[in-house]
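Here is a briefing on one protein chain. Please look over the sequence and the fold before reading on.

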Amino acid sequence: MEMRPLGSSEIRVPSVIFGAWAIGGWYWGGSDDVVAIASIRKALDAGVTCIDTAPIYGCGRSEEVVGRALAGRRGEAIIATKCGLRWDREEGEFFFDDTHPSTGKPMKVYRNLRAGSIMEECERSLRRLATDVIDLYQCHWPDATTDLDETMDAMLRLREQGKIRAIGVSNFTPAMMDRCRKVAPVASDQPEYSLLKREIEADVLPYCRANGIATIVYSPLEQGLLTGAVTMERAFPEGDYRSDRAWFQRPNRRRVLDTLARTVRPIAAAHGATLGQVAIAWTIGEPGVTAAIVGARTPEQAEENARGADVRLTEDERRRIRLAFEALGAPLP
Ligand SMILES: NC(=O)c1ccc[n+]([C@@H]2O[C@H](COP(=O)([O-])OP(=O)(O)OC[C@H]3O[C@@H](n4cnc5c(N)ncnc54)[C@H](OP(=O)(O)O)[C@@H]3O)[C@@H](O)[C@H]2O)c1
């Protein structure tokens, strides 16, 4: 597995990172902890030695599962987690209403990057992850009610205390990163990026490249759609929010599946690869992309996704794939 520098930090990450949102179950129609733990361990075996999680993924559950999966193997893994989304404290910028995945009670999710909240969250994450240091600590979403100086001061303090090793952000604009960097070094940004969502090419990717900030991108498989496993027949269970996503609506799904069949399938066949591996290889081959954070729900998926890092697409193949997805345009309403 190719290892790449995480911005100006001392950390190196594999070009494929394990994404632990789905194994928290919430928004994904549930999850099985035993299978999730086996998936993380299989990923580690395959060289995917960085795990990305967050407190909000299952309201603590994903972090706990990651902690259990790494029992006895902590030294093999880079743990990336996040702060700034609170479901248990009504302070900051209101984000959305939801239902608590364990208690079933209504809850309000707030973006909260205040210093006190970050310090509290970090302690809780360390406990759930069963570790004494978080390798990469990321602000999950910007919080319009908190001055970024206050947020970065808190992140710096955590680093000085040895509780985190590197500071990252997620879903931040270049202007926000500029503000942060006046106070603290920002090792990485975590934006959304895939063949179907290429908006960051206009601003975030060039900004990060120019400023030595790593870009670890999320949802590179468009939540499974780019693997071809989301067929026209596939229905999602209750609580799997993909049924509401634009690209998953049937006319859009049809267009994606046609593009995969026409353009990506022959390229995949030439490499002895799967559609998902080609999507991963395309993503991590884009200039400025440091790593793709890929979710996996089974050991088989984890192993398959890890191998995506080994597929070397030619420039002509990359161009043909890009043109095919550019021709798709935006999802139909
Ligand atoms: N910072 C943020 O705001 C943010 C937001 C979203 C995600 N993330 C991070 O990015 C990670 C990845 O994003 P994501 O989970 O949204 O989407 P993704 O990686 O594009 O897709 C993951 C899903 O695709 C399916 N899949 C994965 N490998 C497959 C394979 N080999 N064959 C067939 N299907 C496969 C699985 O679902 P099924 O098997 O159920 O189809 C899996 O849960 C997350 O886990 C999280 O760590 C961060």
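The points below cover the sheets, the helix packing and the salt bridges.

This is a predicted model, in which local features need pLDDT of at least 70, side-chain atom pairs count only at pLDDT 80 or more, and totals for chains, interfaces and linings use all residues. Residues are numbered from 1 along each chain as its sequence is written, and side-chain values use heavy atoms, with hydrogens and water left out. Helices (H or I, at least four residues) and strands (E, at least two) are DSSP runs, numbered from the N terminus.

**Barrel**

- Eight strands close into a barrel, in the order β3-β4-β5-β9-β10-β11-β12-β13. The pairing is parallel. Two strands pair if DSSP finds at least two bridges between them.
- From one strand to the next, the twist averages 30 degrees. Angles run from 0 to 180 degrees between N-to-C directions, and axes are lines fitted to C-alpha atoms, for helices over the stretch in contact.
- Strand β10 (residues 164-170) is joined to β11 by three bridges, and the two run parallel. S170 stands opposite Q190 in β11.
- Helix α4 (residues 148-160) packs on the sheet and touches β5 (78-83), β9 (134-139) and β10. Contact means heavy atoms within 4.5 Å. The direction of α4 makes about 155 degrees with that of β10.

**Open sheet**

- Three strands form an open sheet in the order β6-β8-β7, with antiparallel pairing.
- β6 (85-86) and β7 (93-99) are the edge strands, since each pairs on one side only.
- Six bridges join β7 to β8 (residues 106-111). Here F96 stands opposite V109 in β8.

**Helix packing**

- Helix α7 (residues 250-271) and α10 pack at an angle of about 175 degrees, and their axes are 10 Å apart. The two helices are therefore roughly antiparallel, a label for angles over 145 degrees; under 35 is roughly parallel, 65 to 115 roughly perpendicular and the rest oblique.
- On the α7 side, the contact includes R255, V256, T259 and L260. On the α10 side, it includes E317, R320, I321 and A324.
- Helix α9 (residues 299-307) has P299, A302, N305 and A306 as its buried residues. Buried means under 20% relative accessible area, exposed over 50%, and partly exposed in between (1.4 Å probe, protein chains only).
- Seen down the axis of α9, these residues fall within an arc of 130 degrees, so they line one face of the helix. The arc is that of the directions from the helix axis to the C-beta atoms.
- The buried residues of α9 pack against β3 (16-19), α1 (33-45), α8 and β13.

**Salt bridges**

- A salt bridge is a side-chain nitrogen of Lys or Arg within 4 Å of a carboxyl oxygen of Asp or Glu. The count comes to 34.
- E201 pairs with R322, the closest N and O atoms being 2.9 Å apart. This pair links distant parts of the chain, 121 residues apart: E201 lies in the loop between β11 (188-190) and α6 (204-210), R322 in helix α10 (residues 315-328). E201 is partly exposed at 26% relative accessibility.
- R322 also forms a salt bridge with E286, again with closest N and O atoms 2.9 Å apart. E286 sits in the loop between α8 (275-284) and β13 (291-295), 36 residues from R322. At 11% relative accessibility, E286 is buried.
- Salt bridges that share partners join R86, D88, R89, E91, E120 and R124 into one network.
- E192 forms a salt bridge with K197, with the closest N and O atoms 3.2 Å apart. E192 is partly exposed at 23%, whereas K197 is buried at 19%.
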